[in-house]
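Reader: I'd like to go through the labels on this one with you. Can we start with the words used for the residue classes?

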Amino acid sequence: MKKLLLAGAVALFGLSNAQMTKGDWVFSGSTGFSFNNTTQKQSVNSESADGPKISAITFTPSVGYFVIDKLAVGIDLDLTSITTKFSEPDYNSKSTVTNFSVMPTATYYFASGNKFVPYLGAGAGFGTNKTKYSETDMGSTVSSDDTASGFTWKVKGGVNYMITQSFAVNVGVSYNQFTTKQDIEGTSYELKNTYNNFGVNAGFSFFLKAKAQKSDK
């Protein structure tokens, strides 16, 4: 009985060891809700002011290809939705900011033969920003839509827990910065928006082997 239990434990442990070798693929998805804390900073001609701290919802699907053992390069798609509301007796406002970015990334997995596989990654790319705003003041309502684009970058880290050789759940942290620049119509000023998003996220990863391992005869 003890030998049977030991054999089962060894088999389970073996299934939990992802190889993460050259030629393999990894598909991931992560999300974060109230764990994220976003701050906005605006500057006009070098004069800046901090905006409000608000919560955010994020979703990040990604795909990576192992160019060498343990190092995957690929694409992260980041979607962040930020909503801010203010309510007073004679004044109400609501703004929804949606950021979407496409970032080439590189991620290194510290695989060492056990179920816990830490990782670190970074990327940079292009993003778009859409803002919807409505304001009601003394019964008068004003609304606007605005779209901008700019440069974005991120760093991320965390740990995968290997349930099987191919499937893992993960918990991690990430820091994103997204910067847009716009000319203010009718002036010589330039409006610069910088969004900084630090978040704790949870998700999954699926590792696809390039070639099936041959069994010993």
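Author: Ala, Val, Leu, Ile, Met, Phe, Trp, Tyr, Cys and Pro count as nonpolar, Asp, Glu, Lys and Arg as charged, and the others, Gly among them, as polar. Sorted that way, the lining of the largest cavity has 16 nonpolar, 26 polar and four charged residues. Keep in mind that this is a predicted model.

Reader: What makes the space of about 600 Å³ a cavity?

Author: A cavity is a set of points where a 1.4 Å probe fits but cannot get out. The search finds two cavities of 30 Å³ or more, and about 600 Å³ of space lies in the largest. Of its 46 lining residues, the closest to the centre are T60, D76, D78, K154 and K156. Elements giving two or more residues to that lining include β1 (25–44), β7 (140–162) and β8 (167–183).

Reader: How do you know that the side chains of S174 and N201 make a polar contact?

Author: The cut-off for a pair of N or O atoms is 3.5 Å. The side chains of S174 and N201 are joined at 3.2 Å, so the pair is within that limit. Leaving aside neighbours within four places in sequence, S174 is also in contact with V155, K156, N197, F198 and G199.

Reader: Which residues make up the largest nonpolar core?

Author: There are eleven, including M20, F66, Y109, M162 and F207. Apart from it lies another core, of five residues, among them A56, I82, V97 and F178.

Key:
Residues are numbered from 1 along each chain as its sequence is written. This is a predicted model: local features need pLDDT of at least 70, side-chain atom pairs count only at pLDDT 80 or more; totals for chains, interfaces and linings use all residues. Side-chain values use heavy atoms; hydrogens and water are left out. On a 1 Å grid over the protein atoms alone, a cavity is a set of points where a 1.4 Å probe fits but cannot get out, and a pocket is an open set with protein on both sides within 12 Å along at least five of seven lines; lining residues have an atom within 4 Å of a point. Grid points are joined across faces, edges and corners, and a volume is the space filled by probe spheres set on the points. Helices (H or I, at least four residues) and strands (E, at least two) are DSSP runs, numbered from the N terminus. A nonpolar core is a set of buried Ala, Val, Leu, Ile, Met, Phe, Trp, Tyr and Cys residues joined through side-chain atoms within 4.5 Å. Buried means under 20% relative accessible area, exposed over 50%, partly exposed in between (1.4 Å probe, protein chains only). Contact means heavy atoms within 4.5 Å. A polar contact is a pair of N or O atoms within 3.5 Å; within protein, one must be able to donate a hydrogen and the other to accept it, and residues adjacent in sequence count only if both atoms are side-chain atoms.
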